[in-house]
Amino acid sequence: MSKPVVLIAEELSPATVDALGPDFEIRHCNGADRAELLPAIADVDAILVRSATKVDDEAIAAAGKLKVIARAGVGLDNVDVPAATKAGVMVVNAPTSNIVTAAELACGLLIATARNIPQATGSLKNGEWKRSKYTGVELSEKTLGVVGLGRIGVLVAQRMSAFGMKVVAYDPFVQPARAAQMGVKLVSLDELLEVSDFVTVHLPKTPETAGLIGDEALHKVKPSVRIVNAARGGIVDEDALASALKEGRVAGAGLDVYASEPCTDSPLFAFDQVVCTPHLGASTGEAQEKAGIAVAKSVRLALAGELVPDAVNVQGGVIAEDVRPALPLAEKLGRIFTALAGEVAVRLDVEVYGEITQHDVKVLELSALKGVFEDVVDETVSYVNAPLFAQERGIEVRLTTSSEARNHRNVVTVRGTLSGGEEVSASGTLAGPKHLQKIVAINDHDVDLALTDHMAFLSYTDRPGVVGTVGRILGEAGVNIAGMQVSRAEEGGEAVVALTVDDTVGATVLNEIAGEVGATRARGVDLTE
């Protein structure tokens, strides 16, 4: 078999290729060159990029086999996540790879603006000795305002606290008690602007945060304040900052990011008190290596059919080891449900019972949805787009859990309500140390049968001779029965037959069986990949 193809579209750490290992065909291209990227991406299974390659809807449409887009870094501005989600393509990044590097750069900019280090360096190298011109300010006992107390903001707060700074922060999504544990006082944005001697920004760029530190905000600050932005360009309004510097309302600034990049010409560059770097936030060897290794591991998982816990467009979170074996079971139950129902449900319930529920089992809902739509839509169904298919069809999806399980340690049930009000369900469990997948109930009928690649299910009114008739018709069709379970609630009532067979049971054979035994439902399901 040919190896999956991984396209590396930008220069990445050699450790990235090492982390991918020998199981992939590695190709390279210049992802910034559109004419080179589009044909190169056509037949690849995964693409690894940094920030220069735009993986937009055009590129995704050109990639007929693409399963994973891996961004070796944090930001995803260059990846069209909605288009990838619709196409069932997983998007992964390395959210923690550069947080230390980015925090250290922010601290460096802050210190550089306080002590005029770059300006003094340039002056001295030009043969000037101007000590008094570059007199700075101490950080000790000054107030640092951290706008955004996420992972990077926390690291900056911790590091600058060691300089004797008092730290206040604005973040509407952080509880005051959590901030207090770090020695940080949460305040409103207005109060932060009023009391801070230094302001450092650590927010994602969204419609709500764009221009947050703008003209109005910069009229509320001390004239001695220094503004640092090593997060995302555009959060600090560059024109407003230039005006504030010109009018003496801001003493200095340290910038690593800009509204439009690459940026080589800005009115801010004219100010001697502005320290600026060309988006170096993630530019250390350590960060690049961490990012490459992290996304390489994610690509390996994704192309092996595993759910990647930190994929940005996949629900679920971290998967406990006790939950992981139930993923393929839930998916197969979803496929069995679809076969039994014969239509799309109005409401779908994924029920998980037993010891397994001491862990987060949200991922089992996702796996069941993947199975439900596997044989319904023409598109490739993945953990990524399965919830989207349910949403587009107006299906209400619910997850129910309970620590109590009847007859088994753990049971997963996929239950759906059809348009006519009928309810259909399939239940399964994992047995023994090898996690043997078994089906244990069809609707309200108990069965006990190992899941196999080929199965068939019948519902009919209980009466003598049915089993013989089913055996005869399958025998005449050359289909061998590997296992059979008959379940009924009462004599003469509704009965269910579950069969495991060695080959696919075609529609013609199923219709013949249904006609001879008067089955209300005769369905076959193939659980092969």
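Predicted model: local features only at pLDDT ≥ 70, side-chain atom pairs only at ≥ 80, totals over all residues.
Let's start with the cores. The largest nonpolar core has 72 residues, and Ile-336 and Leu-364 touch the most other members. Helix 13 (residues 326-341) gives the most to this core, contributing 10 residues. To see what surrounds Leu-364, set aside its neighbours within four places in sequence: its contacts are then Val-323, Ala-326, Leu-327, Ala-330, Val-350, Val-352, Ile-356 and Val-412. There is also a second, separate core of 30 residues, with Leu-192, Val-201, Ile-213 and Ala-231 among them.

Val-201 also belongs to strand 9 (residues 198-201), which is covered on both faces. Phe-198 and Thr-200 are buried on one side, while Val-199 and Val-201 are buried on the other. The pairings of strand 9 are set out here.

| Partner of strand 9 | Sense | Bridges | Residues standing opposite |
|---|---|---|---|
| Strand 6 (residues 143-147) | parallel | 4 bridges | Leu-144 and Phe-198 |
| Strand 10 (residues 226-229) | parallel | 4 bridges | Val-228 and Thr-200 |

Now to the helices. How do helix 5 and helix 6 pack? Helix 5 (residues 99-115) and helix 6 (residues 117-125) meet at an angle of about 60°, and their axes are 6 Å apart. The two helices are therefore oblique to each other. On the helix 5 side, the contact is made by Ile-111, Ala-112 and Arg-115; on the helix 6 side, by Ile-117, Pro-118 and Gln-119.

Methods. Residues numbered from 1 in each chain as written. Heavy atoms only, no water. Axes fitted to C-alpha atoms, helices over the stretch in contact; angles between N-to-C directions. Parallel < 35°, antiparallel > 145°, perpendicular 65-115°, else oblique. Contact = heavy atoms within 4.5 Å. Core = buried A, V, L, I, M, F, W, Y, C linked by side-chain atoms within 4.5 Å. Buried < 20%, exposed > 50% of the residue type's maximum accessible area, 1.4 Å probe, protein only. Pairing = 2+ DSSP bridges.
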